[in-house]
Amino acid sequence: NTSGFIAVILKTDSYLQLGVDEQFDKESKMTKNKAFHGLVALALISFGFFGSLSHIFTFGLVILITFHALLDYKNFKPDFSKILLSLFLTGAFYFFFCRSIFSHNAQQVLDSLAPMLAIPILGFLIIIRKNKDFEISTTTLAKFARLSIIITFFVYLLLMYFPEIYRDAGIGNGASLELLSGNPIPFSIIVLCLSLMSLSSWRKDGKKEKFQTLVCLFFGLYLALYLANSRGTILAFVLSTPVIAWFILRSLKYLIVLVVVGIAITYLVIKLQISGLIDNDHLYRIIKGVITLTTGVAIDNSSFERIQLWNASLVVVSKNPILGYGLPERFSAILPVLGENFPYRYSHPHNDILASAISAGLFGGLLGFISIVSPLWAWILTKRNSSGGMFLGITFSVIFFTSASFNTVFFNDITSAWLAFSTFLICCIKEN
């Protein structure tokens with residue numbers, strides 16, 4: 001009897017100990033998930049109005065996830081799909097480095113790669129993050145995106161009414177809005193993406209959340225498309241609208257009707273602008289750019305410069321299609337073709353695919369394209385049944401590819417960080 005009583009006590013004690021351990025593990029997991037969500041929220045908020053500030057919170061995520069990976073290193077199991085996604089995201093970066101380091105000064109190579117530094121860092125996080133760990137739902141992601149847009153709009157109002165705080169925000173007098181990001185193009189790309197991110201939980205949202213989303217979508221598009229006034233970002237949004245409409249309406253019939261009506265309205269507005277019945281500066285710039293790009297006539301200087309840069313890039317790539325010229329030469333290599341009379345000097349030829357091909361040959365160009373559409377790979381390779389992940393993967397890839405075709409994603413620290421961060425977030429989205 002005594003031995004049986006002792007056995008019962010020991011068994012009870014083991015159950016109690018097991019319960020304490022489970023409770024501790026549960027609390028520990030909740031704590032790290034709260035820290036993860038908090039850092040994601042702060043990163044999204046800072047990306048909205050001050051892109052470079054987001055690097056601090058991204059670094060916080062690196063510390064958090066790496067720390068927990070080291071604590072649980074014995075249970076780490078390599079995931080082929082995550083390794084492949086990381087390679088797709090970072091392949092161009094490493095190929096640029098390997099191609100350039102043997103033909104250029106190490107400092108030149110590192111300086112050229114510096115804007116892309118977030119890509120290999122977040123690519124590493126993709127590999128070490130365990131499945132079912134550090135996840136985020138589309139509902140939470142959409143809330144954070146809405147909060148980011150609201151704060152960004154508040155910062156815009158603050159700087160508009162109190163311009164003495166910061167005078168280079170691009171507010172008023174026909175300037176393109178950039179707030180604290182230093183460039184209207186990265187600003188417009190990120191705010192457009194945040195606007196679409198607020199839609200990611202649309203299919204699960206109630207009426208209240210959908211109303212909030214529509215309000216934030218309006219504010220976000222007003223900031224990103226109208227005030228920033230970047231034609232590349234406007235084009236990216238136009239190309240994304242069929243996917244947006246399909247995601248919201250969930251009907252192919254309504255989508256076809258919407259596309260037809262949209263084309264008809266666009267045609268009518270353009271005719272009215274050309275005839276002079278409408279006089280809108282934004283439309284005038286867009287029409288000038290389209291005419292220049294389609295005819296080659298120098299009606300719009302900015303678009304004509306791009307045509308010159310792209311033509312020179314194609315000539316240079318055709319002369320050395322295998323090895324390229326090294327990343328530090330991504331612009332200087334085309335100067336002899338442009339000629340001495342070309343008045344501008346840039347850090348890239350306003351097309352990341354061509355810049356990649358100039359830097360590392362045609363294979364480098366292919367790797368550049370693969371990296372730019374990484375959000376799509378994030379949805380495909382994580383194999384998660386998430387309609388929000390699919391929506392973000394497709395629309396973000398359209399936006400990044402369009403921007404990379406007319407400006408740059410790789411060679412601006414904010415847009416390259418946003419490419420890597422959004423890819424990482426998509427692979428963290430919970431399954432439906």
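**Figure 1. Overall fold of the predicted model.** The secondary structure of the protein consists of 17 helices and zero strands. With a radius of gyration of 25 Å, close to the 22 Å that the globule rule gives for 432 residues, the protein is as compact as a globular protein of that length. The model is predicted. Its C-alpha trace spans about 100 × 55 × 50 Å along the principal axes. Of the 432 residues, 48% are buried. Among contacts with a separation of 6 or more, 74% are between residues 24 or more positions apart. The protein exposes about 21400 Å², and 67% of this area comes from carbon and sulfur atoms.

**Figure 2. Salt bridge between Asp133 and Lys32.** The structure holds three salt bridges, one of which pairs Asp133 with Lys32. The closest N and O atoms of Asp133 and Lys32 are 3.1 Å apart. This pair links distant parts of the chain: Asp133 lies in the loop between helix 5 (118–128) and helix 6, and Lys32 lies in helix 1 (residues 2–49), 101 residues apart. Asp133 and Lys32 are both buried.

**Figure 3. Salt bridge between Lys130 and Asp72.** Here the closest N and O atoms of Lys130 and Asp72 are 2.6 Å apart. The two residues are 58 residues apart and link distant parts of the chain. Lys130 sits in the loop between helix 5 and helix 6, while Asp72 sits in the loop between helix 2 (54–71) and helix 3 (80–101). Lys130 has a relative accessible area of 31% and is therefore partly exposed. Asp72 also counts as partly exposed, because its relative accessibility is 24%.

**Figure 4. Salt bridge between Asp300 and Arg231.** Asp300 forms a salt bridge with Arg231, and their closest N and O atoms are 3.2 Å apart. Asp300 belongs to the loop between helix 11 (281–295) and helix 12 (301–319). Arg231 belongs to helix 9 (residues 231–249), and the pair, 69 residues apart, links distant parts of the chain. Both Asp300 and Arg231 are buried.

**Figure 5. Nonpolar surface patch around Leu158.** Phe154, Leu158, Tyr161, Phe162 and Ile165 make a nonpolar surface patch of about 550 Å². Leu158 is in helix 6 (residues 138–161). The relative accessibility of Leu158 is 32%, so this residue counts as partly exposed.

How values were computed: Residues are numbered from 1 along each chain as its sequence is written. This is a predicted model: local features need pLDDT of at least 70, side-chain atom pairs count only at pLDDT 80 or more; totals for chains, interfaces and linings use all residues. Side-chain values use heavy atoms; hydrogens and water are left out. Patches are made of residues with over 30% relative accessible area and no salt bridge: like charges are joined within 9 Å, nonpolar side chains (Val, Leu, Ile, Met, Phe, Trp, Tyr) within 5 Å. Accessible areas come from the Shrake-Rupley method with a 1.4 Å probe; for residues, only the protein chains shown count as cover. A salt bridge is a side-chain nitrogen of Lys or Arg within 4 Å of a carboxyl oxygen of Asp or Glu. Helices (H or I, at least four residues) and strands (E, at least two) are DSSP runs, numbered from the N terminus. Buried means under 20% relative accessible area, exposed over 50%, partly exposed in between (1.4 Å probe, protein chains only). The radius of gyration is taken over C-alpha atoms; the globule rule is 2.2 Å times the number of residues to the power 0.38. Contact means heavy atoms within 4.5 Å.
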